[in-house]
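Here's a structure to look through together. Have a look at it before we start on the questions.

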Amino acid sequence: MVERKRPSIAGKLKETEGAPSVDDAAAIPDAVIDGVSIDVPVSAETSLLVSATTDPEAMYSRRHTGVSSTPEPSSMLTDDRLLDVKEKQEAPIGWYQRAIYELTFHTVNLGDSRRARARKVLISRITTPFNGDTRYVPILTRKGGVGKTTTTTLLGMALAQHREDRVIAIDANPDRGTLAERIPRETKNTIRTVVQKAPSIGSFTDFTEFISRDVTRLHVLASDPDPTLADAFDEYDYNVVADVASRYYSLILTDCGTGIVHSVMKPILSRANSLVIVSGGSIDEARLASETLSWLESNGYADVVRNSVVALNTATQGTMLVKLDEIENHFRSRVREVVRIPYDSHIAAGSVITWSKLNKITRDAAEMLAAFVAEGMPPTE
Ligand SMILES: Nc1ncnc2c1ncn2[C@@H]1O[C@H](COP(=O)(O)OP(=O)(O)OP(=O)(O)O)[C@@H](O)[C@H]1O
Ligand SMILES: [Mg+2]
């Protein structure tokens with residue numbers, strides 16, 4: 001074996017401007033060809049070869065000159081050499097940033113605009129991963145007509161379109177729920193038929209026969225339109241539906257009725273990892289939402305109340321007459337976050353909600369609500 005000459009390589013490197021240190025040089029391994037270790041001869045060529053890694057121009061030309069006449073050390077396999085520079089760089093988001101990027105032939109990248117960066121942060125909050133078991137989020141309040149179903153739909157759409165896992169909204173309103181009317185209806189099946197056919201549901205494909213799907217990828221399970229049957233939907237039934245759904249979904253939103261002591265509320269609340277309480281913008285609506293929190297606190301759900309989010313729907317009658325800031329301050333003292341849902345004429349029509357037809361401020365509010373819900377999800381035991 002020829003005596004190794006690494007110290008002299010280091011000596012040559014030292015002479016090269018910006019060259020690696022002696023320690024770096026020591027890290028250069030012997031070349032291996034067909035499993036035979038050979039020593040790298042020290043020559044002017046070798047020195048050029050190593051120093052070429054610090055010279056982008058030389059790197060560029062090496063890419064096109066084919067095979068080196070001497071064995072290369074593995075340190076020559078750098079990212080710069082092997083990755084296509086064009087593919088590595090992402091075009092910035094924002095018209096000004098994009099214009100500079102294009103005008104300079106992709107040499108100047110100012111990065112995303114502030115708005116684009118904020119949006120990426122928001123989406124990363126909405127997509128906060130939930131490890132482990134299915135999470136349950138009921139949407140409730142003791143007052144009727146304040147926007148529980150609307151909030152469930154908006155929240156579900158905002159979550160479903162950004163998250164990769166599956167999100168379902170279940171209508172558990174015992175008093176003629178309207179959730180399924182908020183997305184295009186694909187089936188006449190309801191929570192009642194899921195209970196009846198639960199033993200035969202063995203796969204996600206089986207389960208999809210019972211649900212309707214929106215373009216945002218939100219899945220909806222309808223309640224029974226017959227008020228007698230809907231009212232009879234009880235604790236046992238909800239547990240059956242939730243157990244089946246939990247096999248296929250990582251997040252289950254439940255649109256509730258106003259009757260907080262109805263038997264179906266017991267399993268809904270005992271499974272809840274977080275809550276969304278809906279308040280309207282009038283005095284009685286805010287009082288009833290606040291009383292809902294008090295009832296939950298005094299009935300064993302104080303922890304989940306502290307972690308809950310209030311959706312303050314400013315579309316209800318009376319909103320213009322009261323100090324919304326004071327309502328918001330009240331709820332801020334009791335729950336984790338408050339989000340205002342604005343009036344939207346597309347929602348007011350009371351029919352199918354199409355995400356793209358909502359006003360931008362409505363979509364922003366829904367996404368903010370989704371971010372608060374997702375990022376505050378407590379770990380499961
Ligand atoms: N932000 C909004 N902008 C416009 N209209 C709205 C908004 N929120 C709710 N509405 C309208 O108010 C009505 C009641 O809303 P929604 O059905 O969501 O209330 P709810 O609390 O679920 O009612 P219920 O107690 O009967 O289940 C609906 O016609 C809905 O379209
Ligand atoms: Mg409703």
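This is a predicted model: local features need pLDDT of at least 70, side-chain atom pairs count only at pLDDT 80 or more; totals for chains, interfaces and linings use all residues.

Reader: Which helix supplies the largest share of the shell around ligand 1?

Author: Counting residues whose C-beta atom, placed from the backbone, lies within 6 Å, 18 surround ligand 1, with K148 and T149 among the closest. Helices here are DSSP runs of H or I, at least four residues, and strands are E runs of at least two. Both α9 (148-162) and α18 (345-348) give at least two residues to the shell, but the largest share, three residues, comes from α9.

Reader: Is strand β3 buried or exposed?

Author: A residue is buried if 20 or more other C-beta atoms lie within 10 Å of its own, again placed from the backbone. R135, V137 and I139 on one side pass that test, and so do Y136, P138 and L140 on the other. Six of the six residues of β3 (residues 135-140) qualify, so the strand is largely enclosed by the rest of the structure: buried.

Reader: Which strand pairs with β3 over five bridges?

Author: Strands pair if DSSP finds at least two bridges between them. Two bridges join β3 to the parallel strand β8 (residues 276-280), where I139 partners V276. R135 has L251 as its bridge partner in β7, and the parallel strand with five bridges to β3 is β7 (residues 251-255).

Conventions
Residues are numbered from 1 along each chain as its sequence is written. Chains are lettered from A and ligands numbered from 1 in the order in which they are written. A residue is buried if 20 or more other C-beta atoms lie within 10 Å of its own, exposed if 12 or fewer, and partly exposed in between; C-beta atoms are placed from the backbone.
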